[in-house]
Amino acid sequence: MVEVTVTPQSSLADRPVAVRVRGLSPSQLITLRASLTDEHGECFQSRTFFRADAGGEVDPGHHPALGGSYTGVWPMGVFWFLQPDTLFRRLVKRDVAGSPFLVRLEVFDGVCLLNGPQDQPLASCEAERWYVGPGVQRVPIREGRVRGALFLPP
């Protein structure tokens, strides 16, 4: 049974996580897709192709991506190379303290350039990427024409 995991499942957005795919056939070609929808409803995704090792595992931190959104060994590449579905859109997070970005990771058999409704992933999981740690207080700043926010640790 194929399984994709993100460790830790919930983390700050600037912290590295480990992505692993297990349960594949040796040398199986897969597509690892990461996707998220921002607060404006825009979809961002990365799509990368990997070949499983002799043990049927893929680890983006040790196995090179063969193509797609990037090539080579990038441990956080599936997150760093998220691109908008609509050109010239930027990934924006306004509610930094209230909710995380939910990044969905999916594994597909072979090279999948486009996914239709009939395409079912072999495995999937979700990762929470927070912008503010627990207990951090956000204080809005308004002084003359200056606008900003002060983030105070717990």
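Ser-35 is found in strand β4. This is a predicted model. Ser-35 is buried, because its relative accessible area of 13% is under the 20% cut-off. The points below cover its surroundings, the nonpolar core and the salt bridges.

**Around Ser-35**
- Beyond its neighbours within four places in sequence, Ser-35 is in contact with Phe-44, Gln-45, Leu-82, Leu-102, Val-103 and Arg-104.

**The largest nonpolar core**
- This core has 28 residues. Those touching the most other members are Val-4, Val-19, Val-21, Leu-32, Val-78, Phe-79 and Leu-105.
- Several elements give two or more residues to this core, among them β1 (3–7), β4 (29–37) and α1 (77–80).
- Leaving aside neighbours within four places in sequence, Leu-105 has contacts that include Val-4, Val-19, Val-78 and Phe-79.

**Salt bridges**
- Side chains of opposite charge can pair when their charged atoms come close.
- The structure holds 6 salt bridges.
- One of them joins Arg-20 and Asp-59, at 3.3 Å from N to O. Arg-20 lies in strand β3, and Asp-59 in the loop between β5 and β6, 39 residues apart. Arg-20 is partly exposed at 24%, whereas Asp-59 is buried at 10% relative accessibility.
- Glu-106 pairs with Arg-33, with the closest N and O atoms 2.2 Å apart. Strand β8 holds Glu-106 and strand β4 holds Arg-33, 73 residues apart. Both are buried.
- A network of salt bridges links Arg-33, Arg-104 and Glu-106.
- Arg-89 and Glu-42 also form a salt bridge, at 3.6 Å from N to O. Arg-89 is partly exposed at 45% relative accessibility, while Glu-42 is buried at 16%.

Definitions and conventions. Residues numbered from 1 in each chain as written. Predicted model: local features only at pLDDT ≥ 70, side-chain atom pairs only at ≥ 80, totals over all residues. Heavy atoms only, no water. Core = buried A, V, L, I, M, F, W, Y, C linked by side-chain atoms within 4.5 Å. Buried < 20%, exposed > 50% of the residue type's maximum accessible area, 1.4 Å probe, protein only. Helix = DSSP H or I, 4+ residues; strand = E, 2+ residues; numbered from the N terminus. Contact = heavy atoms within 4.5 Å. Salt bridge = Lys/Arg side-chain N within 4 Å of Asp/Glu carboxyl O.
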